[in-house]
Amino acid sequence: MDQSTLALGVEAVGCAAFDAGIKGAFGYPGTPSTEGFEFVEALIHANPEGRVAQWAANEKVAYDLALGVSYAGHRTLVTMKHVGLNVAMDAYTNSALTGVRGGLVLLVADDPGMHSSQNEQDSRRLAEFAWLPCLEPSTVQECYDYTWRAFELSESLQVPVMVRLVTRLAHCRAALFRREPLAPTGLGVAPKATVQDWVLIPANARRRYVDLLAKQPRMIQDLSPLNRLQPGAGRRGVAVSGMGRAYFDQLAQEHPALAALPRLEVAAYPVDPQLETAFLALVDDVFVFEEDYPVLEERLGLRGTAKVHGRLDGSVPRTGELTPRQLKTALGLTAAEGKDAITLDLPIRAPRFCDGCGHVDAYEAMQEALVNLGVPDARVFGDIGCYTLAAQEPMGAIHAVVEMGASISMAVGAAMAGQTPSVAVIGDSTFGHSGLPALLTAADSGVNVTIMILDNRVVGMTGQQPSQALDQVERMVLGMGIPEAQLQVLTPLPKQHDANVKAMEAALQHPGPSVVVFRRECIQSLRRGVLKEHDRDEKARLEPACCTPEARP
Amino acid sequence: MSEARIHGIVLSGVGGQGVLSLAQIVLEALRRTGLHALQSEIHGMSQRGGSVHAQVCFSEAPLSSPIIDEACADLLISLEPLEALRYVAMLRMDGHLVVSEEPQINMEGYPPLDDVYAALKAVRGAHLVDTEDLARRLNHRQAGGMALLGMASRYLPVSDDVWRQVITQRFESKGVRVTEKNIEAFEAGRGLVQETVGA
């Protein structure tokens, strides 16, 4: 048997980062990126040698942590999902101007088709926006090889490098061949002469922006080995990137005629315009297969006389995930004939709250309190997490879910516009992620909002990672300026229902901001014993040796 | 199975049933057999009792697409009868279906069970397995998945030895007894004399 191991695409990125000698890995959980961090975290815990792996409160914090490691001269990885990059965008775009010292690789996992996300934005566009390189692998082995390469490029070009995955590759499991790992040796802190590069006051930023633009031709040149032109035969060609490349390669195995088509293979952005022009000169028609936005398609469409077919002309559906079937259809291949589809009506089996989940008890208390106060139709602002499931009927308990932390600010805004009652529902981890500044504003505003913090003590939905807000929610709430009298901590259990309804009624009736924390550990993490050790240590800490039964005379 | 053809397996069920673990066992067994194999899965909300499915494809030649097109799967293994019906159109004309008869009714509007069974039996190459009865006989509550895999293994080019190795590796951290119970379930499934219906 060979020496490979099986790994997911995102895990291969984490593995390569470890092997390429990173000093620190950071991230915020989010499907489909989570396992990338978890993989490197496990490698680091097994063999620390001064390395660190740390979940951060949010993606911006994670990115800044990584930038600090880079500043100190070490290689570093930061991981997030596509919408997480919106949160880290300030840090990401500005780090293009500062540049990096130790190699900084950003793993972003996009979710075309929105399997587990609120949009299907394309991170290649954000890399372009920041004038930064983006590598796009199409196999698990490439995830590993390109990540390794991304560190080298990051250090030679002195910019952060994005490795962009999509769900299908992030969660594709395949054999992975590793290289001999490097020790985490650093370059040392940046020389004194470059200190001003990191200080983005206008005078420096103007100079650094010119430097960044001047770096673009070298960037294109250094990335060019990853983009290939295969001249082929005929005037009909294909341009492929990411999973489009993976699907096309597979089809070409089954249909050898496809392998002979002129082909532009893109795996790194920005693409050399000369390569695109050279390709377009070979063809009259080109089919573009890429995952998500028509990035390559638009570039090619602007550049030549060839007719470009893809998402914009309807050859491929405008939205959703790319599929091998879409390639077949666009290329005019006949689909195979298989068994007849079932005629029986098959209702959807939607995800639901786990049996015994505390979120259900919290929502039931809220709904009954609203009924008792004569406002059963009150609109409630929800947030991102397992508790988003309450938006589904028949519960239908929340009526807006936009992005991490939005619930609190939207409820405050609606209250300012006269909505009474105005209720926000947010989880403990989401609260730590983006709810804190919103609560500061809520407390300052003094408007009538009721904020429910559903504290299940972990990041439930993504696999029960530790919540940064663990055991600290009350202190955080008080610290943001909510008066002690307006903070209640409840236990969401059926036997507490009546008391919880009363407490919710009191909070809803209070004319200013109030916070109700519903705390009960996620039953999945409880079953797995995720917090067992933490709780034991915490108990020992709060109960000094002198007071334990054994110590008493 | 012809050389260098791409073979596909679809696995389906309900979150929490172990669809993804089963897919990983299949993937590892194929890889140990020396075949090129890829697995595709979707995570996220899956463990919350929703529909879950995974795909495994394999070939003698290197592969790049983890996704099987409709009508291209050779085998569908489903831990739940309704979840099997969703993927029947993924099967080739000569594809096989190995499915548990045990329903997971955690949803609104689950169709009458008789209709579900009738639709399954109308699929040529379908094997319905009474996993509930099997679990009782083996005194092993979670025998279903391994038993289905055992039955499905008839259609996969993997030796008994390799299956044993992979199942052992998968469960060894849980102790010898758990490992033995799972191998027993696998072998019981493999040995089931099951009437092929719909022929």
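**Two chains and the contacts between them**

Q: Where does Pro394(A) lie?
A: Pro394(A) is found in the loop of chain A that runs between strand E15 (380-381) and helix H16 (406-416). Please keep in mind that this is a predicted model.

Q: OK, and what is the peptide bond from Glu393(A) to Pro394(A) like, cis or trans?
A: That bond, from Glu393(A) to Pro394(A), is cis, and its omega is near 10°. There is also a cis bond from Tyr269(A) to Pro270(A), where omega is near 0°.

Q: Where is the place of Pro270(A), then?
A: Pro270(A) sits in a loop of chain A as well, the one between strand E12 (268-269) and helix H12 (273-280).

Q: While we're on the backbone, which residue has a positive phi although it is not a glycine?
A: Trp131(A) is such a residue, with a phi of about 60°, and its place is in the loop between H5 and E6 of chain A.

Q: Changing topic, how is chain A divided into domains?
A: Chain A has domain 1 (3-223), domain 2 (227-335) and domain 3 (358-538). Taken over C-alpha atoms, the centres of domain 1 and domain 2 of chain A are separated by 27 Å.

Q: How many residues of domain 1 of chain A are in contact with domain 2 of chain A?
A: On the side of domain 1 of chain A there are 27 residues in contact with 25 residues of domain 2 of chain A. The area buried between these two domains is about 2,100 Å², and carbon and sulfur atoms give 51% of it.

Q: Which residues in domain 1 of chain A lose the most area to domain 2 of chain A?
A: Those are Arg124(A), Arg125(A) and Ile220(A), which together account for 28% of what the domain 1 side buries. Arg124(A) also takes part in a salt bridge with Glu290(A), in which the side chains meet at 2.9 Å, N to O.

Q: How many salt bridges and polar contacts are there between domain 1 of chain A and domain 2 of chain A?
A: The count of salt bridges between domain 1 and domain 2 of chain A is five, and 18 residue pairs are in polar contact, both residues being at pLDDT 80 or more. Among the elements that give two or more residues to the domain 1 side are helix H5 (123-129), helix H6 (140-157) and helix H9 (216-223) of chain A. The largest share of that side, four residues, comes from H9(A). By kind, the residues on the domain 1 side divide into 12 nonpolar, five polar and 10 charged.

Q: And how many salt bridges does a search of the whole structure find?
A: Over all chains, the search finds 50 salt bridges. One of them joins Glu142(A) and Arg245(A), whose closest N and O atoms are 2.7 Å apart. Because Glu142(A) lies in helix H6 of chain A and Arg245(A) in helix H10 (residues 243-254) of chain A, this pair ties together parts that are 103 residues apart in sequence.

Q: Now chain B: how many of its residues are in contact with chain A?
A: In chain B, 56 residues are in contact with 52 residues of chain A. Between them the two chains bury about 4,500 Å², with 58% of this on carbon and sulfur atoms.

Q: How many salt bridges are counted between chain B and chain A?
A: Five salt bridges are counted between chain B and chain A, and Asp69(B) forms a salt bridge with Arg325(A), where the closest N and O atoms lie 3.0 Å apart. There are also 22 residue pairs in polar contact between the two chains, both residues at pLDDT 80 or more.

Q: Which elements of chain B give two or more residues to the side that touches chain A?
A: They are helix H1 (19-32), strand E2 (36-41), helix H2 (81-85), strand E5 (91-100) and helix H3 (113-121) of chain B. The residues on this side of chain B divide into 26 nonpolar, 15 polar and 15 charged.

Q: Which strand of chain A is joined to E2(B)?
A: Strand E8 (residues 172-176) of chain A is joined to E2(B) by two bridges, and these strands run antiparallel. Within this arrangement, Arg173(A) stands opposite Gln39(B) in E2(B).

How values were computed:
Residues are numbered from 1 along each chain as its sequence is written. Chains are lettered from A and ligands numbered from 1 in the order in which they are written. This is a predicted model: local features need pLDDT of at least 70, side-chain atom pairs count only at pLDDT 80 or more; totals for chains, interfaces and linings use all residues. Side-chain values use heavy atoms; hydrogens and water are left out. Contact means heavy atoms within 4.5 Å. Buried area is the accessible area (1.4 Å probe) that two parts lose on being put together, summed over both. A salt bridge is a side-chain nitrogen of Lys or Arg within 4 Å of a carboxyl oxygen of Asp or Glu. A polar contact is a pair of N or O atoms within 3.5 Å; within protein, one must be able to donate a hydrogen and the other to accept it, and residues adjacent in sequence count only if both atoms are side-chain atoms. Ala, Val, Leu, Ile, Met, Phe, Trp, Tyr, Cys and Pro count as nonpolar, Asp, Glu, Lys and Arg as charged, and the others, Gly among them, as polar. Two strands pair if DSSP finds at least two bridges between them. Domain bounds come from an automatic or database domain assignment.
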